[in-house]
Amino acid sequence: MKASNNILNSLSPTEQLVSRCKSGDTRAFRELYDAYSNAMYNICLRMLGNVSDAEDTLQEAFVQVFRNIGQLAQGSTLPAWIKRIVVNHCLNQLRRKKLQFQDVDGVEVEAEMAPDEQHFTWTVTTTKEAIASLPDGYRTVLNLYLFEEYSHREIAEMLQITESTVKTQYMRAKERVRQFVKAKSILQ
């Protein structure tokens, strides 16, 4: 017992939490949920675009986290592992909703133009509205690239589409956001 306490004390707080979860400590599961649920909920909400789907998906993802915490490899980063599970659940939810991407192999991605953004009024609220108004495919790629910091290649693998399709979806999403914000700026 004393030896196991010494080992536990030599771990970082996150490693101690994982160790306690692996041993079945129910309070540790609650601590883990409390520590990561808000950030993971925001990922769900950004990717799915509505509160109901985000809440359901978050719950499903944490059930998987709790069931599989024993498979978390030593040295793995807990937040990254949880985030990957949450993102995969979001993608599964979008697939159930028939998320589709048009394959655009052979279509050249337009060079990014310098927009006349000095006349825009960029606000957090307007930008969130613009992102929420995107079609699921555009919003998914934009969120995975811009906010979750996956590479175009990683996104292509996750979505089982080509990297050029990811790049095109991202460019089009950015353009739609820019147009949305521009239109809102003109109306103000």
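I took buried to mean under 20% relative accessible area, exposed over 50%, and partly exposed in between, with a 1.4 Å probe and protein chains only. By that cut-off I noted Glu 148 as buried, at 5% relative accessibility.

This is a predicted model, in which local features need pLDDT of at least 70 and side-chain atom pairs count only at pLDDT 80 or more, while totals for chains, interfaces and linings use all residues. Residues are numbered from 1 along each chain as its sequence is written, and side-chain values use heavy atoms, with hydrogens and water left out.

I looked for disulfides next, taking one as a pair of cysteine sulfur atoms within 2.5 Å, and the count came to zero. Cys 44 is in no disulfide, and its nearest cysteine sulfur, that of Cys 90, is 3.8 Å away. I noted Cys 44 as buried, with a relative accessible area of 0%.

I then turned to salt bridges (a side-chain nitrogen of Lys or Arg within 4 Å of a carboxyl oxygen of Asp or Glu), and found that the structure holds 12. One of them joins Arg 46 to Glu 148 at 2.5 Å, N to O. This pair links distant parts of the chain, 102 residues apart, with Arg 46 in helix H3 and Glu 148 in the loop between helix H7 (136–147) and helix H8 (152–159); helices here are DSSP runs (H or I, at least four residues), numbered from the N terminus. Arg 46 is partly exposed, with a relative accessible area of 28%.

Technical notes:
Helices (H or I, at least four residues) and strands (E, at least two) are DSSP runs, numbered from the N terminus.
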